[in-house]
Amino acid sequence: MFELISKNLLAPAVWRYTVKAPEIAAKRRAGNFVIVRPKEGSERIPLTIVSSDPQAGTIDIIFQVVGATTMDLSETDGILDIVGPLGHPTHIEKFGRAAVVGGGVGIAPLLPIAEALKQAGNNLTAILGARSSEFLILEEEMAAISDGLLIATDDGSQGQKGLVTDVLQPLLEQGALDFVLAVGPVVMMKAVSELTRPYRVKTMVSLNPLMIDGTGMCGVCRCRVDGQTRFACVDGPEFDGHQVDFGSLSRRLSMYKAEENKRREARN
Amino acid sequence: MPLNLNRVSMPEQEPGQRRHNFQEVNLGLTPELARAEASRCLFCKRPTCIDGCPVGINIPFFIQAILDDSPEEAVRRIRMDNSLPAICGRVCPQEIQCEKTCVLNKKGAPVAIGALERYVGDYAIRECLATECNITENGLKVAVVGSGPSGLSCAGELRKLGYAVTVFEALHELGGVLTYGIPEFRLPKEAVVQVEIDTLKALGVEFKTNHLVGKTSLAADLLDKDGYAAVYIATGAGYPQFMQIPGEDLNYVYSANEFLTRMNLMRAYKGDAAATPVFTGRRVGVIGGGNTAMDAARCALRMPGVEKVSLIYRRSENEMPARIEEVKHAKEEGIDFQFLTAPVEYLGTAEGAVRAARCVRMELGEPDASGRRRPVVIPGSEFKIDVDAVVVAIGTQANPIIAQTTPGLATNKWGYIITDENGLTSIRHIYAGGDIVSGAATVILAMGAGRNAARAIHEKLSEMAS
Ligand SMILES: Cc1cc2nc3c(=O)[nH]c(=O)nc-3n(C[C@H](O)[C@H](O)[C@H](O)COP(=O)(O)OP(=O)(O)OC[C@H]3O[C@@H](n4cnc5c(N)ncnc54)[C@H](O)[C@@H]3O)c2cc1C
Ligand SMILES: Cc1cc2nc3c(=O)[nH]c(=O)nc-3n(C[C@H](O)[C@H](O)[C@H](O)COP(=O)(O)OP(=O)(O)OC[C@H]3O[C@@H](n4cnc5c(N)ncnc54)[C@H](O)[C@@H]3O)c2cc1C
Ligand code: SF4
Ligand code: SF4
Ligand code: FES
């Protein structure tokens with residue numbers, strides 16, 4: 001059992017947990033994730049490590065309650081199983097002018113990557129998108145580490161009314177970017193990748209397929225990248241957005257919709 | 001005395017009944033049946049059966065003990081060479097090992113050594129017979145990576161020799177393929193696998209689940225920083241292969257590992273009671289001809305709503321690598337075998353779910369590198385098999401994580417770890433064995449490798465201490 005040190009509600013149904021996991025905290029780098037199983041009988045689900053404190057031996061995760069397993073997680077006082085840090089850490093270098101684009105709870109995985117990019121000496125613009133200001137998370141943390149912070153909300157309750165791509169486009173037109181990294185819903189990562197393609201700006205995305213073991217054993221996380229089968233848990237989770245087959249990713253993500261709904265309803 | 005060629009057959013659940021449940025198919029021998037079978041043994045002066053057993057169990061000795069009605073003695077004898085008899089008795093491919101080399105095989109009725117071994121193993125479990133040993137702590141620590149049969153046997157041997165042993169396992173449950181791969185109806189988890197693991201815990205072996213060596217810690221750090229005197233790597237070969245044909249990423253096209261992990265490790269066979277779902281629809285296609293394919297097919301058949309499971313194998317029945325007993329059971333249960341057949345493409349629905357496998361028929365040509373006749377496509381033989389789900393069970397590769405994170409660890413061109421005959425890798429004090437060295441093989445070979453390495457580790461460390 002992994003002890004919960006603190007539990008904070010960041011936005012409706014979005015939690016930030018600080019969890020005691022000294023071995024993971026010691027090894028973790030930006031871009032790594034963990035697989036958690038909240039309690040006996042739960043599924044195993046992947047969550048990004050948002051931050052870690054090797055001294056205190058803790059890691060932070062941020063998750064949105066979307067289905068049965070995240071419900072389990074939101075109700076526990078300790079996490080039964082956590083394994084990690086998994087996946088390749090983000091490839092960080094000095095690209096020059098970099099933009100990180102985050103949508104919804106995707107802003108959580110984006111934070112550590114943004115920090116690392118900033119530390120590597122990049123000029124960093126953060127573009128955050130949410131349904132409304134109520135759902136916007138980590139705004140202050142992002143502001144603190146970026147050279148410019150731009151916000152888009154669907155309803156215009158904060159920042160520009162519209163999508164993150166509406167905010168990104170002018171920057172691309174001005175030729176103001178050398179590198180883009182996007183994390184969020186598949187439709188958003190796809191739209192960002194399509195948008196940057198004609199400008200030939202290198203664009204990385206962090207893929208979020210279904211996972212079970214996270215060790216390369218089951219193959220459920222396979223994605224098509226540049227026409228090849230890649231396992232997101234061991235070969236990713238970050239890939240070149242211009243090479244990812246987003247269609248097959250979103251199709252595979254919906255594979256268990258019916259079963260997931262059944263289980264979610266059973267819990268309500 | 002005339003030869004008795006009436007090999008007893010193990011009582012089993014009726015096919016019509018068992019295809020609807022996940023309870024064990026083979027029910028085990030009664031004491032009477034066990035003694036009847038034991039009495040068929042000729043107690044050969046030169047028992048050739050032993051040559052066929054990869055760990056060299058003294059077979060006539062334990063069979064004699066069954067006849068003498070001293071099962072404790074049989075347990076003690078088997079455990080000298082094999083710490084997991086209840087498991088091997090169930091899953092060993094006896095027909096190509098001990099039973100193949102039994103002299104009575106020439107007469108077509110080898111002694112049912114596997115069934116007798118299982119009988120003895122089950123007796124030990126039922127009577128809670130602890131492994132007899134007086135452990136004298138020697139103050140040295142050894143790390144074992146992976147809790148499959150190879151890691152478990154290495155850990156047990158080393159513990160008995162006085163080492164403080166820690167087993168690191170990536171998953172949340174112990175047992176490797178015994179837990180996540182081989183299904184309940186062939187190898188009961190609580191009644192057998194868990195009991196064997198608990199026995200090791202009682203001996204004092206420490207287990208750490210949720211620990212992926214290469215990520216949570218590094219193999220070299222276990223030696224250099226964490227004070228382990230040796231490391232044994234037994235991480236198996238669980239990296240699924242696909243055929244790279246069109247449509248393989250359609251929904252409900254599973255790797256066998258995914259399908260079986262959902263079923264066994266995540267308990268999807270319990271239906272809606274389990275958190276992790278599995279979708280089979282009405283018709284399932286399974287690609288492959290090994291034990292894994294057989295297990296996937298028989299698991300699928302047992303799921304509610306499944307009407308037909310087609311096993312699609314590119315060679316003929318003679319070349320199938322699966323255990324003969326599994327093939328027999330699968331046939332009795334009504335699996336539709338499509339021999340000399342291979343898929344070339346999967347077709348999907350508008351929503352992206354698989355709906356059919358486009359297949360071709362094959363014929364056998366010249367022998368290939370494996371000595372088996374190579375299947376060749378028959379021109380114009382294309383046809384379709386309608387399916388709602390597909391399980392691809394064409395084999396696995398080496399998992400790359402440890403090799404990638406352990407500089408200096410030599411691997412061959414397929415990524416398997418290279419060792420000498422003692423299991424020693426290219427790095428001092430790091431040993432390896434089981435599927436990650438041999439490629440996908442068998443439980444008993446993995447166990448044998450674990451035991452071998454334990455002995456080599458002990459020899460080396462004792463030498464250094466003296
Ligand atoms: C590498 C990686 C890192 C991730 N990091 C985070 C994170 O930091 N915070 C966070 O909140 N989520 C993260 N996710 C997504 C998270 O794993 C899913 O939200 C979670 O598995 C949902 O489980 P559930 O049982 O609660 O919901 P389910 O019942 O499984 O699903 C409910 C709904 O969520 C959708 N869904 C399921 N799995 C995913 C997924 N992997 N991605 C997107 N949608 C999904 C389903 O289609 C369905 O609509 C990450 C995923 C990956 C692969
Ligand atoms: C479905 C199926 C059916 C089979 N049926 C039979 C049969 O009937 N008879 C037979 O003899 N053989 C059978 N086999 C083969 C047999 O199961 C294997 O040969 C045997 O399990 C190999 O043992 P192992 O200990 O080397 O590895 P495994 O059993 O694969 O165990 C390896 C363990 O290591 C863990 N691990 C991997 N990487 C790491 C890491 N980096 N850090 C920590 N832990 C790690 C894994 O999670 C796993 O638990 C079958 C295999 C399968 C898949
Ligand atoms: S371990 Fe396997 S090969 Fe050896 S005697 Fe037992 S069943 Fe036969
Ligand atoms: S070879 Fe067969 S008959 Fe002879 S001792 Fe072995 S099991 Fe008995
Ligand atoms: S999650 Fe199983 S292989 Fe990636």
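1. Chain A and chain B meet through 40 residues of chain A and 44 residues of chain B. In this predicted model, the two chains bury about 3,600 Å² between them, and carbon and sulfur atoms account for 52% of that area. On the chain A side, Met217(A), Tyr256(A) and Arg263(A) together give 18% of the area buried against chain B, more than any other three residues.

2. Chain A is assigned three domains: domain 1 covers 2-86, domain 2 covers 90-203 and domain 3 covers 207-255.

3. The centres of domain 1 and domain 2 of chain A, taken over C-alpha atoms, are 24 Å apart. Their contact involves 14 residues from domain 1 of chain A and 13 residues from domain 2 of chain A. About 1,000 Å² is buried between these two domains, with 70% from carbon and sulfur atoms. Pro12(A), Ala30(A) and Val50(A) contribute 39% of what domain 1 of chain A buries against domain 2 of chain A, more than any other three residues.

4. In chain B, helix 9 (residues 149-160) packs with helix 18 (residues 443-465): the axes come within 7 Å and cross at roughly 35 degrees. The crossing is right-handed. Helix 9 of chain B contributes Pro149(B), Ser150(B), Ser153(B), Cys154(B), Glu157(B) and Leu158(B). Facing them in helix 18 of chain B are residues including Val443(B), Ala446(B), Met447(B), Gly450(B), Arg451(B), Arg455(B) and Ile457(B). By class, this contact holds 9 nonpolar, 3 polar and 3 charged residues.

5. Ligand 3 lies among chain B residues that include Cys53(B), Pro54(B), Ile57(B), Ile59(B), Cys92(B), Cys98(B) and Ile113(B). Asn82(B), Gln94(B), Gln97(B) and Glu117(B) are also around ligand 3. The shell has 8 nonpolar, 3 polar and 1 charged residues.

6. Around ligand 4 are Cys41(B), Leu42(B), Cys44(B), Pro47(B), Thr48(B), Cys49(B), Pro60(B), Cys102(B), Val103(B), Val111(B) and Ile113(B). The class count for ligand 4 is 10 nonpolar, 1 polar and no charged residues.

Definitions and conventions:
Residues numbered from 1 in each chain as written. Chains lettered and ligands numbered in written order. Predicted model: local features only at pLDDT ≥ 70, side-chain atom pairs only at ≥ 80, totals over all residues. Heavy atoms only, no water. Axes fitted to C-alpha atoms, helices over the stretch in contact; angles between N-to-C directions. Helix = DSSP H or I, 4+ residues; strand = E, 2+ residues; numbered from the N terminus. Left-handed = near helix turned anticlockwise from the far one by under 90°. Contact = heavy atoms within 4.5 Å. Nonpolar A, V, L, I, M, F, W, Y, C, P; charged D, E, K, R; others polar. Near = heavy atom within 4 Å. Domains from an automatic or database assignment. Buried area = accessible area lost by both parts, 1.4 Å probe.
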